[in-house]
Amino acid sequence: MSKRTWPGYLRPDGRKGVRNIVLVIYTVECASHVAKEVARGEEDVHVLGFPGCYDNDYAIRLMLALATHPNVGAVLVIGLGCEYTQPKRISEVVAKSGRPVEWFYIQDKGGTPNSIALGKSHLARLRDEARRSAVLVSMGWPDLTVGAECGGSDGTSGLAGNPVVGAFYDALVNFGGRAIFEETVEMIGLRDIMLARAASPEAAKQLQATYEKAVRYCQSVRQFSIAPGNFAGGLTTIEEKSMGAFAKGGLRPIQGVIRVAQPPPHPGLWILDSVPDEHFMQFGYTNPNDTEGIMDLISAGAQIILFVTGRGSVIGSPIAPLIKVTGNYRTFERMRDDMDFNAGRVLLGELSMEEAAKELTDLVAQVASGMPSKPETLGHREYFVMYKHQDTPALDAGCHA
Amino acid sequence: MKHCFQVDKSDNVSTLLDDANDEILEILGVGQNASLKVLGPVKMGHKVALRDIEAGLPIVKYGVPIGVATRDIVKGEWVHLQNCRSQVDLRSAAMDPHSGAATDTHYE
């Protein structure tokens, strides 16, 4: 299992992807309809965009990381023409990464029908080029970064759903891969547990600062990361939810904390901090929805996302295939078309956690090899790019050599 | 027989693995071979008390306090928003224990 390989796309920066997507990016809400129409019905084409007219460092950093993601083979950037975010500047970064790219402004091209037609013709050429120039190489666990998120949690999430992902994470780390989890606002009450798992004094410092920021943030917005479905599903407090959520991180030492758009510097288990840093324009909830967290995980280079649900979330993600896990056997049966993995069998006594983890490991390898996950098959490609402030990560910390 | 799950030896609640109503469940996890009578209807994924818990004492799950009892709780009773509160989250006190719906937002 540890030596298992599958074909992956080799990118100029040395990272390997499990998909070869053309990404259509829009740089303001006004350009979203054209972008979506350009992408409509097109195979291997995903849409992503930022709705704001004023630009935002975090949003641009996030979009650039997604535009140069190992699963992305080519990019088309569409703007309206009057917004702050510049399609040309995004294109320059994409071109520098060795990927085919085009961009244009709707206002320059004579409006909607002309732009859609132009976009479609660019798209066809870009997809052709992405496919023709694709370099397929052998890929294995050391080349893989996986991101894990939970959403629609219930009482089964902490008993089976998250623990099976944690067991897989232990294996991934043992195999030399990178495992990331986030939702630090769902680590409330777990400071000492986190610190005890720190791989180094530097990691401990980062974990402490990250923890304190998460608690401070929730207190200042007067909202903790727990929702009606969680309560209806049996989770009574954020402290309880946090203990269950943290199980998705497994048991390996935590190497440190990364920020959005920062790939993990070396293999191992990492926590991603998506909570805003102090800024005069402090507004909004840190994790407005699960999709936002998934975007942050993908921006750190995760080629595959593991998503644990109890109540039955149907979301997928663009760029990185999302594998849907549930620890609730009823949810699995009720939503068979959406669910990839039934961890509820462990609670029913049908298989051990160890057996379940092996099965999940095998499933991840299959999806990496090209088998579509259920959300992928259903066309779920939710995205969410919002205004946020995070201090720019230190330059040397972004090295992924 | 239906089951509930006890995570840690020090827990004073266990989590239901199926809907139950006034019936005896077998405890899985560290509570192996023990059983518990659930009082009244309690849904899958929800918690019941493994022993009597006095108001003001911690509710313990995963071996850590996950909340505080706001009323005296008897063994086998459903433990949730109606008798357990978070020590950090004030808003959750305004959620409906059965549906989880927020009762503090205005729709008019």
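1. Contact means heavy atoms within 4.5 Å. Leaving aside neighbours within four places in sequence, A:Ser225 is in contact with A:Val185, A:Glu186, A:Ile238, A:Lys241 and A:Asn287.

2. A word on the model: it is predicted, so local features need pLDDT of at least 70 and side-chain atom pairs count only at pLDDT 80 or more, while totals for chains, interfaces and linings use all residues. Residues are numbered from 1 along each chain as its sequence is written, chains are lettered from A and ligands numbered from 1 in the order in which they are written, and side-chain values use heavy atoms, without hydrogens and water.

3. Back to A:Ser225, which lies in the loop between helix 7 (201-221) and helix 8 (228-232) of chain A. Helices here are DSSP runs of H or I with at least four residues, and strands are runs of E with at least two, numbered from the N terminus. A:Ser225 has a relative accessible area of 11%, and buried means under 20% (1.4 Å probe, protein chains only).

4. Now look at helix 13 (residues 353-368) of chain A, with its 16 residues. Its buried residues include A:Leu360, A:Leu363 and A:Val367. Among the elements covering the buried residues of helix 13 of chain A are strand 1 (5-10) and helix 5 (157-174) of chain A. After helix 13 of chain A comes A:Gly370, with a positive phi near 125 degrees.

5. In chain B, six strands make an open sheet of mixed pairing, ordered 5-4-1-2-7-10. Strand 5 (34-37) and strand 10 (78-79) of chain B each have a single partner strand, so one side of each lacks a neighbour in the sheet. Two strands pair if DSSP finds at least two bridges between them.

Conventions. Buried < 20%, exposed > 50% of the residue type's maximum accessible area, 1.4 Å probe, protein only. Expected span 1.5 Å × (residues − 1).
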